[in-house]
Amino acid sequence: MKIEFVASAGAAEVLAVLVHEGRVLSGRGPEVDTATSGALTKAMTASRFTGGTNNTLAVTAPAGVDAGTILLSGAGEAGKFDDLALEAAAGAAYHAVKLSGATALTIDAYSLTAGQAARAAFAARLAAYRFHKYRTTLKPEKTPSIETIRVVAADPRAAKVAWDTLSPVADAVEFSRDLVSEPANVLYPVEFAKRVKALEKLGLEVEILGEKELEKLGFNTLLAVGMGSRRESQVVVMKWNGGKKGDQPIAFVGKGVTFDTGGISIKPADGMEDMKWDMGGSAAVVGLMHALAGRKAKVNVVGVLGLVENMPDGAAQRPGDVVMSLSGQSVEVINTDAEGRLVLADCLWYTQERFKPKFMLDLATLTGAMIVALGLEYAGVFSNSDELANNFLAAGPKVGENAWRMPIPAAYERHIDSPIADVKNTGNGRAGGSITAALFLQRFTNGTPWAHIDIAPTAWVKDSKNPTVPDGAVGWGVRTLDRMVADNYES
Ligand code: BES
Ligand code: MN
Ligand code: ZN
């Protein structure tokens, strides 16, 4: 997608004008209305369009202006107009015309700030994300025609400067969505690691640990998950050193199960294809690192990815197995489908021991129970640090990603005590399944400030109502993490 910032619309194929609730035209809208003898006002009053978000109204080829279509896009109540309302309006405008045949969408941001003009372009770009690389045919009428987003800004040069800090985030979200979208026959641990290694071009350091090294280091619970797979497990360590030399880093850890069959505790067939996105946590961490490197963030950050495939075969681990984790705690594996926590246990322990970070934050599509608890529009936040949890929770709403704090009560610890080992990998039947998973992880944090984000509800969307998040891979967490780091941890 080509992004341009211009001082005037010129002859636009489609000119999108933001309209606030009550049919209030913004930016160049009133001028256009006058030039067209009130065609915009007439069109609005002849319809139910009042400027509500996610509503658009196309006014085709009105006499008096040089535009194919004036697209009115709802921006909601003027008093509540914020970045998210702006994103929704720009995203909805894109969707309204993406298949129209027009090759450029011009968005009128003339009365907005340079930052807002850039954000309009950002939203349109996120809205335009598609994962179509495996289609060999796509009917012309289903092929998007928009190739350029052109934003009219009062100060195009300032808008371009603002865009230069936003476009790396869009790149990162797209990269993350691509990883999550890839099928598991293509994206297995070695291939995932290879794609991350290629990000060294952005200035990231990337280190790949294969099974031999992991065995030597003692990543036994992680390796146990991958035993049933023909694909080699990998741990990837990413580093972004944008802060002062020697400054204690912050650390992010991602669950990267490239496919989760459940293992010997095999899952039912229905919906199992969803488990290709069981690496969404790792994809979020990669996206964050991509964004930080792209905008040269002034902070030292470590990203650790636990990449495995959970398959059943003759070499697979069994329910009842006892495995010695990297931390030295023995783990009884009751259910091989509770594999994410086994992967993260070793990764968390390794991260705190090697990097002594200020905090560790992990993201994981960890439990179906999280979906039962919160529904599909909130991720769960578990933390031993109010400060860390609050920094995460404050960032999400600014970028349209919702999360909710969950408890990790000591009273439930007994549910993961094992009769024959130090800990077991499932809790009290289905009761509090997300909480006992978090309690399990906490035992591998060694008291480091830590937060665990269960993104099982949000990593993938099937009926998106958010124009900037098309159906499929969300890239959930990239924007929140980037914002959280920017707002709290950069010098
Ligand atoms: N990857 C799944 C969790 C999941 C479910 C993510 C649905 C996204 C959508 C995880 O590995 C898993 O299988 N968890 C089990 C845990 C149980 C065996 C204790 C679950 O949620 O059923
Ligand atoms: Mn599982
Ligand atoms: Zn899983």
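Mentor: Let us begin with strand pairing: two strands pair if DSSP finds at least two bridges between them. Helices (H or I, at least four residues) and strands (E, at least two) are themselves DSSP runs, numbered from the N terminus. In this structure, strand 2 (residues 12–20) and strand 5 (residues 67–76) pair in the parallel sense over 8 bridges. Within that pairing, Val17 has Leu72 of strand 5 as its bridge partner.

Trainee: Before we continue, on what basis are such features reported?

Mentor: This is a predicted model, in which local features need pLDDT of at least 70 and side-chain atom pairs count only at pLDDT 80 or more, while totals for chains, interfaces and linings use all residues. Residues are numbered from 1 along each chain as its sequence is written, chains are lettered from A and ligands numbered from 1 in the order in which they are written, and side-chain values use heavy atoms, with hydrogens and water left out.

Trainee: Which strand does strand 4 join, and in what sense do the two run?

Mentor: Strand 4 (residues 56–60) is joined to strand 5 by 5 bridges, and the two run antiparallel. Thr56 stands opposite Ser73 in strand 5. The hairpin of these two strands has 6 residues between them, and there Ala61 takes a positive phi near 40°.

Trainee: What is the order of the open sheet of 3 strands?

Mentor: The order is 12-13-17, with mixed pairing. Strand 12 (322–324) and strand 17 (423–424) are the edge strands, each pairing on one side only. Strand 13 (residues 330–332) pairs with strand 17 in the parallel sense over 2 bridges, and Glu332 stands opposite Lys424.

Trainee: How is the chain as a whole described?

Mentor: The protein chain has 14 helices and 20 strands. The radius of gyration is taken over C-alpha atoms, and the globule rule is 2.2 Å times the number of residues to the power 0.38. Here the radius is 24 Å, close to the 23 Å that the rule gives for 491 residues, so the chain is as compact as a globular protein of that length. Buried residues make up 58% of the 491 residues.

Trainee: Which residues have the most contacts inside the largest nonpolar core?

Mentor: A nonpolar core is a set of buried Ala, Val, Leu, Ile, Met, Phe, Trp, Tyr and Cys residues joined through side-chain atoms within 4.5 Å. The largest one has 52 residues, and those with the most contacts inside it are Phe192, Met238, Phe252, Leu305, Leu361, Phe392 and Ile453. Helix 9 (residues 280–294) gives the largest share of this core, 8 residues. Apart from it lies another core, of 45 residues, among them Trp349 and Ala438.

Trainee: How many salt bridges does the structure hold?

Mentor: A salt bridge is a side-chain nitrogen of Lys or Arg within 4 Å of a carboxyl oxygen of Asp or Glu. The structure holds 31 of them. In one, the closest N and O atoms of Asp171 and Arg125 are 2.7 Å apart. Asp171 lies in helix 5 (residues 156–181) and Arg125 in helix 4 (residues 114–127), so the pair ties together parts that are 46 residues apart in sequence. Asp171 is partly exposed, at 32% relative accessible area, whereas Arg125, at 10%, counts as buried.

Key. Buried means under 20% relative accessible area, exposed over 50%, partly exposed in between (1.4 Å probe, protein chains only).
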